[in-house]
Amino acid sequence: MKSCQKTLATVAVHAGSRISASVTRPKVSPIYASSVFSFDRLDQIDEVYEGRNPGYVYSRMRNPGVDALEEAVASLEGGSSAVAFASGMAAISASIMANVKAGDHVLAADVLYGGTHTLIKEELPRRGVSTALVDVNDIGAVKARVKPNTAIIFCETISNPTMQVADLKALADIAHEAGSLLVVDNTFASPILCQPLSYGADIVVHSGTKYLNGHSDVMSGLAVVKAQSGDKIRSYGVTYGATLSPFDAWLLLRGIRTLSLRMERQSENAMRLARFLESHPKVTVVHYPGLPSSRFHALALEYLTGGFGGMLSFEVKGGLNGAKSFIDALDMVELVPSLAGVSTTVSHPGKTSHRAIPLVEREPLGVGDGLIRVSVGIEGYKEILDDFRRALEAV
Ligand SMILES: *Cc1c(COP(=O)(O)O)cnc(C)c1O
C-alpha cells in the first residue's frame, strides 16, 4: 500500500464532499441537505455571526434553500421578511409567543382553526397571558373588548367552516390605536386572493401545508412580517426548534410556483359549484363569499381581490343522516379532514374540527350535523359537478 493512498474508511468519509466550482448554476434552488456549514478560517465565524459576511452556520438557524422559500413568501405577501416553520401551528405559536409576555392580553376571533383555539384558550393562559374571544365581524364588540394591555388581535382572513371574511382595515385600526399588533392567518385565502399586510396587518401567518404547497404532501408554516424585524419570531423558532427541513422547504417552493394557477382554477370551480349547490333542492345553505347572497360578499369584494377561493361549505337536508348519505355516495371526491390540495375533497366539521363542541353550541354558529365543507380542486368542473349531483341524489 502506497503511503499517499488513503484508507477506504477515510475515502468513504471525504471523497466527493467538496462542492465544485461551476460557471453555471442550478436552474432552481437546490435542496441544501446539510445540517451544518464549513468554514475555512476561524475569523469567518465572527464575520458570519456578526453579519459582516454572508454565510450559514447551522440549519436550525438558517439554510439557503429555506431562505429561498422565505424570500418567495415574503415577496408574495408584500412583507419585509418571512420565517419558515415545520408546521402552520409552529408559525402561529411563534408569531404570538414572540410578541407577548406575562401580563399581556390577546384578543382573538371566536371562529378559529382548532389548534389556534387551543393555543389561545389553554397555552397562553398557562403562561400568564389572558385571552378573550370575540366575533370579529362585530367591530363594536372588538373595540369594547380591547384592553390597555392587549398585545395582539388575531383573526383569519377567511374563517373555517362558514367562510366569514374579516374586515382587516377596521381591525388593523383598532389594533394600532390600542398599540397592539394585528396578526392574520391567511391560510384559506393565500396571498393570491388577499395580502393582509397591505390592509394594515402587522404579521401574516400561514399553514404552508395548505394552499401554498397545494399538493397534500408537506407540513409547513410561515410567518411574514411587514416592516418590523422578524428576528423575534425567528429567534423563538430557533430556540423552540420548530425548524422546517430543507426537503420540505424545497417541495413547498416547488408547490408555490403554481399557486396562482391553482387559486385561479380553484376559485373558478368553487364559484360554479357554489352556484349549483345554491339552486339544489336538497341544499339548505351555501357558505361562499363569492355568492352575492353571502353575508360576507361586500367584504369579499373589498378584500378578496384575486378571486373568492376554493373553500366553501353547505348544509344538506336531513342533518347527520343527510350528510352521511351524501359523503358515502361520493366517488371521485374523497373524505379528507384537511384542505387545499389539487383534488376536490370534502370534510365534516361536526365530526372533525368541531367535534369537541356539543351540537347545541355549534349549531347556532352554523356548524350543524348537516354541514359539509368542500375544498374544491383543479379537476375539470364537469367531473366535480357529476359527482356532487349524483351524491346529492342519495340524500
Ligand atoms: C391547517 C391550518 C392551520 C394549522 O396548520 P398545520 O400546518 O396543520 O400546523 C392553521 N390555520 C388554518 C386556517 C389551517 O387551515
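Select helix H4 (residues 88-97) together with helix H5 (residues 114-126), which pack at an angle of about 40 degrees with their axes 10 Å apart; axes here are lines fitted to C-alpha atoms, for helices over the stretch in contact, and angles run from 0 to 180 degrees between N-to-C directions. Helices (H or I, at least four residues) and strands (E, at least two) are DSSP runs, numbered from the N terminus. This is a predicted model, in which local features need pLDDT of at least 70 and side-chain atom pairs count only at pLDDT 80 or more, while totals for chains, interfaces and linings use all residues. Residues are numbered from 1 along each chain as its sequence is written, and side-chain values use heavy atoms, with hydrogens and water left out.

H4 and H5 are therefore oblique to each other, the word for whatever remains when angles under 35 degrees count as roughly parallel, over 145 as roughly antiparallel and 65 to 115 as roughly perpendicular. Now show the side chains of Met89, Ile92, Ser93, Ile96 and Met97 in H4, which meet Gly115, Thr116, Leu119, Ile120 and Leu124 in H5, contact meaning heavy atoms within 4.5 Å.

Next, select the open sheet of five strands, whose order is E8-E9-E12-E11-E10 with mixed pairing; two strands pair if DSSP finds at least two bridges between them. At the edges are strand E8 (283-287) and strand E10 (334-335), each of which pairs on one side only. E10 pairs with strand E11 (residues 345-347) in the parallel sense over two bridges, and Glu334 stands opposite Thr345 in E11.

Ser325, Phe326 and Ala329 in H13 meet Phe388, Arg390, Ala391 and Leu392 in H15.

Finally, turn to the aromatic rings, of which the structure holds six pairs, a pair being rings of Phe, Tyr and Trp (its six-membered ring) with centres within 6.5 Å, and planes under 30 degrees apart counting as stacked, over 60 as edge-to-face and the rest as tilted. Select Tyr199 and Tyr303, whose ring centres are 4.8 Å apart and whose planes stand at 85 degrees, so the pair is edge-to-face.
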